[in-house]
Amino acid sequence: MSDSAPSRRSLITGATSGLGRAMATQLARRGDRIAITGRRKNLLHEVEAQLKSAGAADVLALPGGVDDPQCVAAHYAQIKQQWGGLDLAILNAGVGGSNNAKTFAAQPYLETFATNVHGVCNWLEQIIPDMIAQRSGTIAGISSPAGWRGLPGIGPYSASKAALSTLLESTRVELRGTGVHVVDVCPGFVKSEMTAKNDPNDMPWLLETEDGAARILRGIDARKRIVHFPWQLTWPLRHIIARFPGWLFDPLITRWSRS
Ligand SMILES: NC(=O)c1ccc[n+]([C@@H]2O[C@H](COP(=O)([O-])OP(=O)(O)OC[C@H]3O[C@@H](n4cnc5c(N)ncnc54)[C@H](OP(=O)(O)O)[C@@H]3O)[C@@H](O)[C@H]2O)c1
């Protein structure tokens with residue numbers, strides 16, 4: 001970017017840890033203006049300081065949850081007042097969610113959808129009108145290959161990411177010709193607070209956080225529709241296992257989830 005060009009206006013939700021924090025740091029090194037959100041205020045301000053020292057042109061630290069529509073509206077109002085709008089929105093905030101259908105509970109589904117799906121809708125409602133008006137902008141939603149089939153044990157997470165990828169696709173098609181580009185990002189296993197709870201042996205091709213963040217940003221830069229990686233994991237999942245008929249999928253996934 002030339003010295004005279006205004007720096008890109010970027011938003012990353014859920015930037016207090018993991019992929020969000022790493023992507024924010026990489027965008028700061030490029031000299032973006034960056035708005036970051038997250039519920040843990042102390043961590044958010046720690047990241048704010050880190051981004052400033054990494055070279056961000058400006059940083060807006062916006063504490064609060066994506067699941068609260070009024071909070072999201074207030075956050076966007078602040079961005080609009082400071083920068084007039086956004087060029088890039090990475091809707092990354094997400095939570096895991098587990099359940100067992102034998103003792104089915106609605107709460108894990110409601111909580112997981114509140115962040116992973118409604119949180120994205122809350123932001124889309126705010127940012128799409130202005131991106132259409134400026135005839136440009138990129139929206140990336142961080143979904144997951146876990147949404148490509150209904151996975152046992154993590155039903156709430158799996159269903160929420162299926163919903164997210166589907167809503168991103170509808171949005172992408174509906175925004176064709178407006179100048180607004182939508183990307184569905186489905187990373188494989190990446191080191192973060194979310195995956196720290198898992199056994200590393202259950203996470204093939206586990207990537208370092210910085211590497212995962214860099215691959216997402218490269219996919220966004222390339223204006224892909226769907227970004228998924230690493231191919232060694234996601235290609236067979238997407239093109240073979242996602243297409244298994246139920247009679248084959250059910251016993252195989254049961255055996256895998258018990259092992
Ligand atoms: N790591 C992986 O292997 C992997 C693979 C596929 C997809 N993903 C997706 O990548 C995204 C980032 O996850 P991560 O792995 O980096 O995990 P992480 O380290 O746990 O980060 C999650 C981030 O989301 C924020 N967050 C959670 N609920 C929120 C809410 N209601 N409002 C605002 N922020 C909220 C958290 O901040 P606060 O707690 O401070 O709010 C945190 O900054 C998620 O959408 C996840 O599903 C991760």
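In which sense, left-handed or right-handed, does α3 cross α5? In the model, which is a predicted one, α3 passes α5 in a right-handed crossing; a crossing is termed left-handed if the near helix is turned anticlockwise from the far one by less than a right angle, and right-handed if clockwise. Helices and strands are DSSP runs numbered from the N terminus (helices H or I, at least four residues; strands E, at least two). Because the model is predicted, local features need pLDDT of at least 70 and side-chain atom pairs count only at pLDDT 80 or more, whereas totals for chains, interfaces and linings use all residues. Residue numbers start from 1 along each chain as its sequence is written.

Helix α3 comprises residues 69-83 and helix α5 residues 118-134. The two pack at an angle of about 35°, and their axes are 9 Å apart; axes are lines fitted to C-alpha atoms, for helices over the stretch in contact, and angles run from 0 to 180 degrees between N-to-C directions. On the α3 side the contact is made by P69, V72, A73 and Y76, and on the α5 side by N122, W123, Q126 and I127. Residues are taken to be in contact if their C-beta atoms, placed from the backbone, lie within 7 Å. By class, this contact has six nonpolar, two polar and no charged residues, where Ala, Val, Leu, Ile, Met, Phe, Trp, Tyr, Cys and Pro count as nonpolar, Asp, Glu, Lys and Arg as charged, and the others, Gly among them, as polar. A74 also lies in helix α3. Its C-alpha atom is 9.8 Å from that of Q126, at a sequence separation of 52 residues. A74 is partly exposed, because 13 other C-beta atoms lie within 10 Å; a residue is buried with 20 or more other C-beta atoms within 10 Å of its own, exposed with 12 or fewer, and partly exposed in between, C-beta atoms being placed from the backbone.

The ligand is surrounded by 31 residues, of which G14, G18, R39, G94 and S192 are the closest; a residue is near a molecule if its C-beta atom, placed from the backbone, lies within 6 Å of it. Two elements, α1 (18-29) and β2 (33-38), each give two or more residues to this shell. The most is given by α1, with three residues. In composition, the shell divides into 11 nonpolar, 16 polar and four charged residues.

With residues up to four places away in sequence not counted, I34 touches S10, I12, A24, L27, A28, L51, A56 and V59. Q26 lies in helix α1 and is partly exposed, because 16 other C-beta atoms lie within 10 Å. Beyond residues up to four places away in sequence, Q26 touches A213, A214 and L217. Between Q26 and D250 the C-alpha to C-alpha distance is 40 Å, and the two are 224 residues apart in sequence.

Y157, in helix α6 (residues 155-174), is buried because 24 other C-beta atoms lie within 10 Å. Leaving aside neighbours within four places in sequence, Y157 is in contact with G96, G97, T112 and A146. By contrast, W256, in helix α9 (residues 246-258), is exposed, with 12 other C-beta atoms within 10 Å.

Backbone geometry was also examined. Most residues other than glycine have a negative phi, and most peptide bonds are trans. R135 is found in the loop between α5 and β5 (137-142) and is exposed, with 10 other C-beta atoms within 10 Å. W205, likewise not a glycine, has a positive phi of about 55°. This residue lies in the loop between β6 (180-187) and α7 (209-221), and W205 is partly exposed, with 13 other C-beta atoms within 10 Å. The peptide bond from F229 to P230 is cis, with omega near -10°. P230 is located in the loop between β7 (226-229) and α8 (231-239).

Notes
Two residues are in contact if their C-beta atoms, placed from the backbone, lie within 7 Å.
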